[in-house]
Amino acid sequence: MEKLENSTDCKETVSPLNNSGSVLNSTAPRHEAMGFVLVHAGAGYHSESKAKEYKHVCKRACQRAVDRLRAGGLALEAVTAALIELEDSPFTNAGTGSNLNLSGEIECDASIMDGKSLNYGAVGALSGIKNPVLVARRLLSETQKGKLSAGRIPPCFLVGKGAEQWAISHGIPACPTEKMTTKFSLSGYKRNKRKMELAEQVETKRRRHSCGHLLVTDLKSMSSPEQENDLGCLEPVGDIMVEGEENNSACLDTVGAVVVDREGNVAAAVSSGGLAMKHPGRVGQAAHYGCGCWAENARDVSLYSTAVSTSGSGEHLIRTMLARECSTSMQTENAHQALLEAMQNKFISSPFLAGEDCVLGGVIVLRCCTCGEAQRSEDIQALLVEFLWSHTTESMCVGYMSAQDSKPRTHISRLPPGAVAGQSLAIEGGVCRLGTASD
C-alpha cells in the first residue's frame with residue numbers, strides 16, 4: 001500500500017503520486033470476488049481517547065462491505081452494507097447516536113449514488129427511521145422501475161414527514177427517536193442547550209449595555225472595581241460543539257463510503273445526523289445532489305471511474321458542490337495533485353465561500369481504471385484503484401480493505417501541530433491493484 005506525502009498547508013507544493021512506495025497487488029482466481037472499499041467516520045475532531053472506537057467502527061464497516069463483495073454483491077449493495085454499520089454505531093453522528101436538533105429530535109440526511117446507472121436517492125430531515133441510507137437506497141431502486149401510475153415521475157429525494165411515511169409504506173420499519181438517542185447524544189444536547197441559554201443571557205446583557213452606554217460610562221466613574229467587573233462581564237460563550245469534546249473544534253462527523261466491485265462499477269454513499277442544535281428542517285450536504293456523494297463509471301476506456309463521499313460543514317459543502325467537483329478533477333493523470341488543487345481552488349479558496357475564514361470539510365475519493373493488459377484480453381480482468389482522503393479539519397478517520405485482504409486497515413489523519421483548521425489541509429492515500437487471472 002503506497003502512502004502519499006502529507007500536505008500540511010494548502011499553499012504548499014506537494015509531490016505527485018509516484019511509484020516509490022509499495023503497491024498492494026491482489027491477484028485471485030478468475031471467479032473469486034474482487035473489489036475495494038474506503039470508508040470514513042467523519043472529518044472534524046477525533047479525540048485520542050476515542051480513537052480506538054472510531055477505528056473499530058471503520059473496520060467493521062469495511063468488513064461488512066467486503067463480505068457483500070465476496071458473496072457476489074455489486075458496489076451498490078456493498079456501500080449500503082458499510083453505511084448501515086456506520087449508522088448503527090453510537091460513536092458516529094449518523095443514525096443511532098445522531099445529534100439532537102433544537103427540539104431535542106433526531107433528523108437525519110443521507111444519499112447514495114450508483115456509478116453504473118447514475119441514479120441517486122436521498123432523504124433529508126428524516127426522523128423515525130434507524131437507517132436513513134436504506135430509504136435513500138430504496139428511493140434509488142424505485143426510480144429504476146420507471147414511471148408511476150398516470151405517468152408520474154418517481155421521487156429521488158424526499159424530506160421530513162413525507163420521507164418517513166414513504167419509508168414505512170415501502171416496508172422500512174419505524175424507530176422512535178428515544179431508541180436512537182444515546183446517553184452521549186442526550187448529554188450533549190443538555191450541555192448545548194445550557195450553552196445557548198447562557199449565550200442568550202450574555203447577548204441580552206450586551207444589548208442593554210449598548211443601549212445604556214452613556215449612562216454606564218457615567219456610573220463607572222462612581223463604581224467600585226467589583227461593580228465595574230460585574231457590569232463588564234460580557235465574555236462570549238464558546239461555540240456549541242457537536243460532540244462536546246474537550247477540544248474547541250466541532251466534530252462534523254458525517255459518515256460515508258465508496259466502493260468498486262468486480263465489474264468495475266463504483267458507488268458512493270453518505271449519512272449524517274447534522275449539526276447539533278440545528279433548526280428543525282435543516283438539510284445538510286449529506287442529502288444534496290453532488291454535495292454529499294458522487295459516483296460515475298467511466299464511459300470510455302480512456303477515462304477513470306470515480307466515487308466520492310464528503311464530510312464537514314454542510315453549508316460549505318453545499319455551496320461548493322465539493323463531491324462532484326472532486327470527481328471531475330480526477331480525470332487528470334495525477335490523482336494526488338488533482339485532489340490537492342480541487343480542495344484548494346474549489347473549496348478553501350472558492351469564490352462561493354469568499355466571506356468564510358474557516359472552511360471545514362473532508363473527502364474520500366476512489367478512482368479506478370482497467371489495467372492495460374485487461375483492456376486487450378477477456379481472460380484477464382484487472383483494476384488499478386487509487387484511493388485518497390483529504391481534509392481541512394483537525395482530523396479524519398478512514399478505513400479501507402480489498403476483497404482479497406485478510407483484515408481492514410484504519411487511520412486517523414491529522415493536521416500537523418501548528419496548522420490552522422479551515423485554512424490548511426492534509427492529503428494521503430494509496431494504490432491497490434486488483435487482478436483476476438485466467439484459469
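Two strands count as paired if DSSP finds at least two bridges between them. Helices (H or I, at least four residues) and strands (E, at least two) are DSSP runs, numbered from the N terminus.

The model is predicted: local features need pLDDT of at least 70, side-chain atom pairs count only at pLDDT 80 or more, and totals for chains, interfaces and linings use all residues. Residues are numbered from 1 along each chain as its sequence is written, and side-chain values use heavy atoms, with hydrogens and water left out.

**Stop 1: strands 6 and 7**

Select strand 6 (residues 255-260) and strand 7 (266-272). The two run antiparallel, joined by six bridges. Look for Val258, which stands opposite Ala268 in strand 7. Together the strands form a hairpin with five residues between them. In its turn, Gly264 has a positive phi of about 85°.

Is it enclosed or open? Seven of its seven residues are buried, so strand 7 is largely enclosed by the rest of the structure. Buried means under 20% relative accessible area, exposed over 50%, and partly exposed in between (1.4 Å probe, protein chains only). In a regular strand, side chains alternate between the two faces of the sheet. Here Val266, Ala268, Val270 and Ser272 point one way, while Ala267, Ala269 and Ser271 point the other way.

Strand 3 pairs with strand 7 in the antiparallel sense, over six bridges. Asp109 has Ser272 of strand 7 as its bridge partner.

**Stop 2: Gly256**

Step back to strand 6 and pick Gly256. Its relative accessible area is 0%, so Gly256 is buried. Contact means heavy atoms within 4.5 Å. Leaving aside neighbours within four places in sequence, the contacts of Gly256 include Leu38, His40, Leu83, Ala269 and Ile364. Then draw a distance to Ala94: the C-alpha atoms are 9.7 Å apart, though 162 residues separate the pair in sequence.

**Stop 3: helix 3**

Select residues 132-143, which are helix 3. The expected span of a helix is 1.5 Å times one less than its number of residues. Pro132, Val133, Val135, Ala136, Leu139, Leu140 and Glu142 are buried.

**Stop 4: the cores**

A nonpolar core is a set of buried Ala, Val, Leu, Ile, Met, Phe, Trp, Tyr and Cys residues joined through side-chain atoms within 4.5 Å. Which residues touch the most other members of the largest core? Among its 53 residues, they are Phe36, Leu38, Val260, Leu339 and Val385. Helix 11 (residues 335-348) gives the most to this core, with eight residues. Show Leu339 next. Leaving aside neighbours within four places in sequence, its contacts include Cys326, Met330, Val363, Leu388 and Ile427. A second, separate core has 32 residues, including Ala51, Ala61, Leu140 and Met401.

**Stop 5: two threonines**

Go to Thr177, in helix 5 (residues 177-180). Thr177 counts as buried because its relative accessibility is 11%. Its side chain makes a polar contact of 3.1 Å with that of Glu105. Such a contact is a pair of N or O atoms within 3.5 Å; within protein, one must be able to donate a hydrogen and the other to accept it, and residues adjacent in sequence count only if both atoms are side-chain atoms.

Finish at Thr182, in the loop between helix 5 and helix 6 (183-211). At 16% relative accessibility, Thr182 counts as buried. Leaving aside neighbours within four places in sequence, Thr182 is in contact with Pro90, Thr96 and Gly97.
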